[in-house]
Amino acid sequence: MERWDRVGRNAAYGAALALSPYLLIKVSWVVGSLVGVLPIGNGFSLAEWVVLNIVTVGMAAIGIALALALVRPWGMRIPGVLVAFCSWVGSGFLVSVLPFVLFNAFLSVGGDSQGGGDDPAMPVWEGLLVQFSFVGMGLGLAVAVPAYLRRRWPDAFAGRVGDGPRTPPPWAAVVGAAVGLVWLYWAAGGTLGITHPAERNTDGYVLAAAWGFWALAGSAAVWTVARARPAGLPRWIPLVFGWVGSGSLFAWSAWKVPLMLYVAVADPADIMPPENPTVAMVLNLCAVVAGAGMMRTLVRARIRAPESHALPEVVIGLEG
(Lines give C-alpha, C1' and ligand atoms only; values in the text may rest on other atoms or scores of the structure.)
Protein backbone atom coordinates (compact mmCIF):
# COMPACT_ATOMS: atom_id res chain seq x y z
CA MET A 1 0.00 0.00 0.00
CA GLU A 2 1.37 3.40 -0.93
CA ARG A 3 2.28 5.72 1.90
CA TRP A 4 -0.21 8.40 0.79
CA ASP A 5 -3.00 5.85 0.59
CA ARG A 6 -2.16 4.55 4.07
CA VAL A 7 -2.18 8.09 5.49
CA GLY A 8 -5.55 8.75 3.83
CA ARG A 9 -7.06 5.61 5.31
CA ASN A 10 -5.84 6.48 8.81
CA ALA A 11 -7.23 10.00 8.37
CA ALA A 12 -10.64 8.61 7.45
CA TYR A 13 -10.78 6.46 10.58
CA GLY A 14 -9.61 9.45 12.62
CA ALA A 15 -12.34 11.64 11.14
CA ALA A 16 -15.07 9.13 12.03
CA LEU A 17 -13.72 8.81 15.57
CA ALA A 18 -13.38 12.57 16.02
CA LEU A 19 -16.96 13.31 14.99
CA SER A 20 -18.43 10.72 17.37
CA PRO A 21 -18.44 13.03 20.46
CA TYR A 22 -20.44 15.64 18.53
CA LEU A 23 -23.00 12.99 17.55
CA LEU A 24 -23.33 11.82 21.16
CA ILE A 25 -23.65 15.39 22.46
CA LYS A 26 -26.39 16.21 19.96
CA VAL A 27 -28.28 13.02 20.84
CA SER A 28 -28.03 13.95 24.52
CA TRP A 29 -29.44 17.40 23.75
CA VAL A 30 -32.46 15.89 22.01
CA VAL A 31 -33.14 13.37 24.77
CA GLY A 32 -32.36 15.81 27.58
CA SER A 33 -34.64 18.52 26.22
CA LEU A 34 -37.49 16.06 25.71
CA VAL A 35 -37.33 14.82 29.30
CA GLY A 36 -36.78 18.33 30.65
CA VAL A 37 -33.32 17.97 32.16
CA LEU A 38 -31.46 20.12 29.60
CA PRO A 39 -32.30 23.67 28.44
CA ILE A 40 -33.36 24.55 24.93
CA GLY A 41 -31.62 27.16 22.79
CA ASN A 42 -32.59 30.81 22.89
CA GLY A 43 -35.31 31.70 20.43
CA PHE A 44 -36.55 28.13 19.96
CA SER A 45 -39.61 26.29 21.14
CA LEU A 46 -39.13 22.71 22.33
CA ALA A 47 -40.34 21.28 19.02
CA GLU A 48 -38.13 23.60 16.98
CA TRP A 49 -35.10 22.81 19.14
CA VAL A 50 -35.65 19.07 18.83
CA VAL A 51 -36.10 19.27 15.05
CA LEU A 52 -32.95 21.38 14.62
CA ASN A 53 -30.86 18.98 16.66
CA ILE A 54 -32.31 15.91 14.98
CA VAL A 55 -31.15 17.46 11.70
CA THR A 56 -27.64 17.94 13.09
CA VAL A 57 -27.69 14.38 14.47
CA GLY A 58 -28.47 13.19 10.95
CA MET A 59 -25.69 15.33 9.51
CA ALA A 60 -23.20 13.95 12.03
CA ALA A 61 -24.27 10.37 11.29
CA ILE A 62 -23.86 10.99 7.56
CA GLY A 63 -20.44 12.49 8.26
CA ILE A 64 -19.29 9.41 10.17
CA ALA A 65 -20.68 7.11 7.46
CA LEU A 66 -18.90 9.21 4.82
CA ALA A 67 -15.57 8.95 6.65
CA LEU A 68 -15.94 5.17 6.84
CA ALA A 69 -16.96 5.00 3.16
CA LEU A 70 -13.68 6.70 2.28
CA VAL A 71 -11.71 3.81 3.79
CA ARG A 72 -13.83 0.65 3.84
CA PRO A 73 -14.15 -1.63 0.78
CA TRP A 74 -17.91 -1.05 0.56
CA GLY A 75 -17.19 2.63 -0.03
CA MET A 76 -15.85 1.75 -3.47
CA ARG A 77 -19.15 0.08 -4.35
CA ILE A 78 -21.40 3.02 -3.43
CA PRO A 79 -22.46 5.09 -6.48
CA GLY A 80 -19.67 7.54 -7.14
CA VAL A 81 -21.95 10.56 -7.39
CA LEU A 82 -23.24 9.97 -3.84
CA VAL A 83 -19.78 9.71 -2.28
CA ALA A 84 -18.50 12.66 -4.32
CA PHE A 85 -21.46 14.86 -3.35
CA CYS A 86 -21.24 14.07 0.37
CA SER A 87 -17.46 14.55 0.30
CA TRP A 88 -17.88 17.86 -1.50
CA VAL A 89 -20.47 19.16 0.96
CA GLY A 90 -18.51 17.87 3.97
CA SER A 91 -15.31 19.48 2.74
CA GLY A 92 -17.18 22.71 2.08
CA PHE A 93 -18.56 22.73 5.61
CA LEU A 94 -15.44 21.85 7.60
CA VAL A 95 -12.24 22.10 5.58
CA SER A 96 -13.04 25.65 4.51
CA VAL A 97 -13.42 26.92 8.08
CA LEU A 98 -10.63 25.00 9.80
CA PRO A 99 -8.73 28.24 10.60
CA PHE A 100 -11.89 29.68 12.19
CA VAL A 101 -12.53 26.52 14.23
CA LEU A 102 -8.93 26.49 15.45
CA PHE A 103 -9.22 30.19 16.30
CA ASN A 104 -12.45 29.55 18.13
CA ALA A 105 -10.97 26.59 20.02
CA PHE A 106 -7.69 28.11 21.12
CA LEU A 107 -8.18 31.87 21.18
CA SER A 108 -11.85 32.49 21.96
CA VAL A 109 -12.55 30.17 24.88
CA GLY A 110 -14.61 32.23 27.27
CA GLY A 111 -15.07 35.04 24.75
CA ASP A 112 -18.08 35.95 22.65
CA SER A 113 -18.29 32.66 20.77
CA GLN A 114 -20.38 29.70 21.83
CA GLY A 115 -18.74 26.80 20.07
CA GLY A 116 -21.60 25.02 18.41
CA GLY A 117 -23.38 28.15 17.20
CA ASP A 118 -26.89 26.75 17.86
CA ASP A 119 -26.35 25.61 21.44
CA PRO A 120 -27.61 26.78 24.80
CA ALA A 121 -24.96 27.78 27.31
CA MET A 122 -22.78 24.67 27.36
CA PRO A 123 -20.09 23.57 29.80
CA VAL A 124 -16.54 24.29 28.74
CA TRP A 125 -15.71 20.59 28.41
CA GLU A 126 -18.67 20.08 26.09
CA GLY A 127 -17.67 23.05 23.93
CA LEU A 128 -14.14 21.70 23.67
CA LEU A 129 -15.46 18.31 22.56
CA VAL A 130 -17.55 20.00 19.87
CA GLN A 131 -14.50 21.92 18.66
CA PHE A 132 -12.43 18.72 18.71
CA SER A 133 -15.04 16.99 16.57
CA PHE A 134 -15.06 19.79 13.98
CA VAL A 135 -11.28 20.07 13.83
CA GLY A 136 -10.76 16.31 13.68
CA MET A 137 -13.39 15.79 10.99
CA GLY A 138 -12.13 18.72 8.94
CA LEU A 139 -8.51 17.61 9.07
CA GLY A 140 -9.51 14.02 8.34
CA LEU A 141 -11.54 14.97 5.29
CA ALA A 142 -8.74 17.20 4.01
CA VAL A 143 -6.50 14.12 3.75
CA ALA A 144 -8.95 11.24 3.28
CA VAL A 145 -11.05 12.71 0.46
CA PRO A 146 -8.21 13.24 -2.06
CA ALA A 147 -6.79 9.82 -1.15
CA TYR A 148 -10.17 8.20 -1.87
CA LEU A 149 -10.63 10.09 -5.14
CA ARG A 150 -7.14 9.04 -6.19
CA ARG A 151 -7.99 5.39 -5.57
CA ARG A 152 -11.36 5.49 -7.30
CA TRP A 153 -10.57 7.86 -10.18
CA PRO A 154 -6.79 7.84 -10.57
CA ASP A 155 -6.87 10.13 -13.63
CA ALA A 156 -9.06 12.78 -12.03
CA PHE A 157 -6.23 15.07 -10.93
CA ALA A 158 -3.62 14.04 -13.51
CA GLY A 159 -2.14 16.30 -16.16
CA ARG A 160 -1.91 20.06 -16.44
CA VAL A 161 -4.39 22.86 -16.87
CA GLY A 162 -3.60 23.33 -20.56
CA ASP A 163 -4.36 19.70 -21.45
CA GLY A 164 -8.06 20.42 -22.00
CA PRO A 165 -9.79 22.83 -24.37
CA ARG A 166 -10.67 26.37 -23.38
CA THR A 167 -14.32 27.08 -22.59
CA PRO A 168 -16.27 30.35 -22.27
CA PRO A 169 -15.80 32.28 -19.02
CA PRO A 170 -17.90 30.50 -16.38
CA TRP A 171 -20.77 32.63 -15.09
CA ALA A 172 -20.73 30.74 -11.78
CA ALA A 173 -17.18 31.91 -11.04
CA VAL A 174 -18.23 35.52 -11.59
CA VAL A 175 -21.21 35.16 -9.23
CA GLY A 176 -19.10 33.33 -6.65
CA ALA A 177 -16.45 36.05 -6.74
CA ALA A 178 -19.10 38.77 -6.27
CA VAL A 179 -20.50 36.94 -3.24
CA GLY A 180 -17.00 36.53 -1.84
CA LEU A 181 -16.26 40.23 -2.19
CA VAL A 182 -19.39 41.08 -0.21
CA TRP A 183 -18.36 38.73 2.59
CA LEU A 184 -14.84 40.19 2.67
CA TYR A 185 -16.35 43.68 2.75
CA TRP A 186 -18.39 42.70 5.81
CA ALA A 187 -15.34 41.02 7.37
CA ALA A 188 -13.41 44.27 6.97
CA GLY A 189 -16.10 46.14 8.89
CA GLY A 190 -18.31 47.35 6.05
CA THR A 191 -21.87 48.17 7.07
CA LEU A 192 -23.73 48.35 3.75
CA GLY A 193 -26.36 45.62 3.98
CA ILE A 194 -25.93 45.39 7.77
CA THR A 195 -29.10 46.37 9.62
CA HIS A 196 -27.94 45.71 13.19
CA PRO A 197 -24.19 46.43 13.47
CA ALA A 198 -24.30 45.97 17.27
CA GLU A 199 -25.15 42.29 16.79
CA ARG A 200 -21.86 41.56 15.01
CA ASN A 201 -19.13 39.75 16.95
CA THR A 202 -15.65 38.37 16.43
CA ASP A 203 -16.95 35.01 15.19
CA GLY A 204 -19.00 36.74 12.53
CA TYR A 205 -16.04 38.71 11.23
CA VAL A 206 -13.73 35.69 11.09
CA LEU A 207 -16.34 33.47 9.43
CA ALA A 208 -17.12 36.12 6.83
CA ALA A 209 -13.40 36.38 6.07
CA ALA A 210 -13.10 32.60 5.69
CA TRP A 211 -16.16 32.36 3.43
CA GLY A 212 -14.98 35.30 1.36
CA PHE A 213 -11.49 33.87 0.89
CA TRP A 214 -12.76 30.48 -0.29
CA ALA A 215 -15.37 32.04 -2.55
CA LEU A 216 -12.67 34.06 -4.32
CA ALA A 217 -10.15 31.19 -4.33
CA GLY A 218 -12.71 28.76 -5.71
CA SER A 219 -13.87 31.22 -8.35
CA ALA A 220 -10.29 31.86 -9.48
CA ALA A 221 -9.64 28.11 -9.63
CA VAL A 222 -12.74 27.43 -11.73
CA TRP A 223 -11.83 30.29 -14.06
CA THR A 224 -8.32 28.83 -14.44
CA VAL A 225 -9.62 25.38 -15.35
CA ALA A 226 -12.25 26.71 -17.76
CA ARG A 227 -9.87 29.06 -19.56
CA ALA A 228 -6.99 26.51 -19.53
CA ARG A 229 -4.50 29.15 -18.37
CA PRO A 230 -1.77 29.06 -17.13
CA ALA A 231 -1.14 26.00 -19.25
CA GLY A 232 1.73 24.55 -17.23
CA LEU A 233 -0.03 24.57 -13.85
CA PRO A 234 -0.63 21.07 -12.42
CA ARG A 235 -4.34 20.36 -12.70
CA TRP A 236 -4.73 19.18 -9.11
CA ILE A 237 -3.99 22.66 -7.71
CA PRO A 238 -7.03 24.50 -9.15
CA LEU A 239 -9.19 21.40 -8.71
CA VAL A 240 -8.47 21.31 -4.98
CA PHE A 241 -9.21 25.01 -4.51
CA GLY A 242 -12.24 24.78 -6.78
CA TRP A 243 -13.53 21.74 -4.88
CA VAL A 244 -13.29 23.35 -1.43
CA GLY A 245 -14.30 26.84 -2.60
CA SER A 246 -17.42 25.72 -4.46
CA GLY A 247 -18.31 23.36 -1.61
CA SER A 248 -18.03 26.17 0.91
CA LEU A 249 -20.31 28.42 -1.15
CA PHE A 250 -22.90 25.69 -1.56
CA ALA A 251 -22.84 23.98 1.84
CA TRP A 252 -22.81 26.95 4.19
CA SER A 253 -25.37 28.97 2.26
CA ALA A 254 -27.66 25.95 1.80
CA TRP A 255 -27.53 25.60 5.60
CA LYS A 256 -28.14 29.29 6.27
CA VAL A 257 -31.10 29.78 3.91
CA PRO A 258 -33.61 27.64 5.90
CA LEU A 259 -32.38 29.18 9.16
CA MET A 260 -33.00 32.66 7.75
CA LEU A 261 -36.45 31.59 6.60
CA TYR A 262 -37.19 30.36 10.11
CA VAL A 263 -36.12 33.68 11.63
CA ALA A 264 -38.18 35.60 9.06
CA VAL A 265 -41.31 33.54 9.70
CA ALA A 266 -41.06 32.94 13.45
CA ASP A 267 -39.53 36.36 14.25
CA PRO A 268 -38.07 35.25 17.62
CA ALA A 269 -37.49 38.19 19.90
CA ASP A 270 -34.05 37.07 21.10
CA ILE A 271 -32.57 36.30 17.65
CA MET A 272 -31.57 39.30 15.57
CA PRO A 273 -29.16 38.59 12.69
CA PRO A 274 -26.96 41.59 11.84
CA GLU A 275 -27.52 41.37 8.08
CA ASN A 276 -30.52 42.83 6.29
CA PRO A 277 -32.77 39.76 5.77
CA THR A 278 -33.43 40.46 2.09
CA VAL A 279 -29.77 41.12 1.32
CA ALA A 280 -28.66 38.01 3.22
CA MET A 281 -31.26 35.80 1.51
CA VAL A 282 -30.34 36.98 -1.99
CA LEU A 283 -26.62 36.67 -1.23
CA ASN A 284 -26.89 33.13 0.08
CA LEU A 285 -29.17 31.97 -2.73
CA CYS A 286 -26.60 33.33 -5.18
CA ALA A 287 -23.90 31.44 -3.27
CA VAL A 288 -25.80 28.14 -3.50
CA VAL A 289 -26.32 28.53 -7.25
CA ALA A 290 -22.73 29.67 -7.80
CA GLY A 291 -21.28 26.78 -5.79
CA ALA A 292 -23.28 24.19 -7.72
CA GLY A 293 -22.45 25.85 -11.04
CA MET A 294 -18.74 26.00 -10.23
CA MET A 295 -18.62 22.31 -9.38
CA ARG A 296 -20.45 21.46 -12.59
CA THR A 297 -17.92 23.52 -14.54
CA LEU A 298 -15.02 21.66 -12.91
CA VAL A 299 -16.49 18.26 -13.77
CA ARG A 300 -17.45 19.16 -17.34
CA ALA A 301 -14.08 20.79 -18.01
CA ARG A 302 -12.27 17.69 -16.78
CA ILE A 303 -14.35 15.41 -18.98
CA ARG A 304 -13.62 17.53 -22.06
CA ALA A 305 -9.90 16.85 -21.70
CA PRO A 306 -9.10 14.55 -24.65
CA GLU A 307 -7.21 11.95 -22.67
CA SER A 308 -9.63 11.84 -19.73
CA HIS A 309 -12.16 9.23 -18.78
CA ALA A 310 -12.27 10.26 -15.11
CA LEU A 311 -15.33 10.73 -12.93
CA PRO A 312 -17.86 9.17 -15.34
CA GLU A 313 -20.30 8.42 -12.55
CA VAL A 314 -20.21 12.01 -11.33
CA VAL A 315 -20.98 13.35 -14.79
CA ILE A 316 -23.86 10.92 -15.21
CA GLY A 317 -25.18 12.03 -11.83
CA LEU A 318 -24.90 15.72 -12.65
CA GLU A 319 -26.23 15.57 -16.19
CA GLY A 320 -28.55 12.59 -16.10
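Okay, let's start with α3 and α5, two helices whose axes come within 9 Å and cross at roughly 145°. Keep in mind that this is a predicted model. As for handedness, α3 passes α5 in a left-handed crossing. If you're wondering why I quote two values, it's that two packed helices are described by the angle between their axes and the distance between the axes.

So who touches whom? On the α3 side we have Gly80, Val83, Ser87, Gly90, Ser91 and Leu94, and they meet Phe134, Met137, Gly138, Leu141, Val145, Tyr148 and Arg152 of α5. Sorted by class, that contact has seven nonpolar, five polar and one charged residues. Have a look at the numbering in those lists while you remember your helix geometry: an α-helix has 3.6 residues a turn, so residues three or four places apart point the same way.

Is Ser87 buried or exposed? Its relative accessibility is 2%, and the cut-off for buried is under 20%, so Ser87 counts as buried. And what is Ser87 in contact with, once we leave aside its neighbours within four places in sequence? Those partners are Leu66, Leu70, Val145 and Trp243. We've already met Val145, on the α5 side of the crossing.

Next up, α7. This helix runs over residues 202-227, which makes 26 residues, and at 1.5 Å a residue they should span 38 Å. The end C-alpha atoms are 38 Å apart, so the expectation and the model agree.

Both ends of α7 have something to show. Just after the helix comes Ala228, with a positive phi of about 55°. That's a positive value in a residue other than glycine. Ala228 belongs to the loop between α7 and α8, and it is buried, with a relative accessible area of 1%.

Finally, let's zoom out. How many helices and strands does the chain have? Ten helices and zero strands. Buried residues make up 48% of the 320 residues. And of the contacts with a separation of 6 or more, 81% are between residues 24 or more positions apart. That's my tour, thanks!

How values were computed: Residues are numbered from 1 along each chain as its sequence is written. This is a predicted model: local features need pLDDT of at least 70, side-chain atom pairs count only at pLDDT 80 or more; totals for chains, interfaces and linings use all residues. Side-chain values use heavy atoms; hydrogens and water are left out. Helices (H or I, at least four residues) and strands (E, at least two) are DSSP runs, numbered from the N terminus. The expected span of a helix is 1.5 Å times one less than its number of residues. Buried means under 20% relative accessible area, exposed over 50%, partly exposed in between (1.4 Å probe, protein chains only). Contact means heavy atoms within 4.5 Å. Axes are lines fitted to C-alpha atoms, for helices over the stretch in contact, and angles run from 0 to 180 degrees between N-to-C directions. A crossing is left-handed if the near helix is turned anticlockwise from the far one by less than a right angle, and right-handed if clockwise. Ala, Val, Leu, Ile, Met, Phe, Trp, Tyr, Cys and Pro count as nonpolar, Asp, Glu, Lys and Arg as charged, and the others, Gly among them, as polar.
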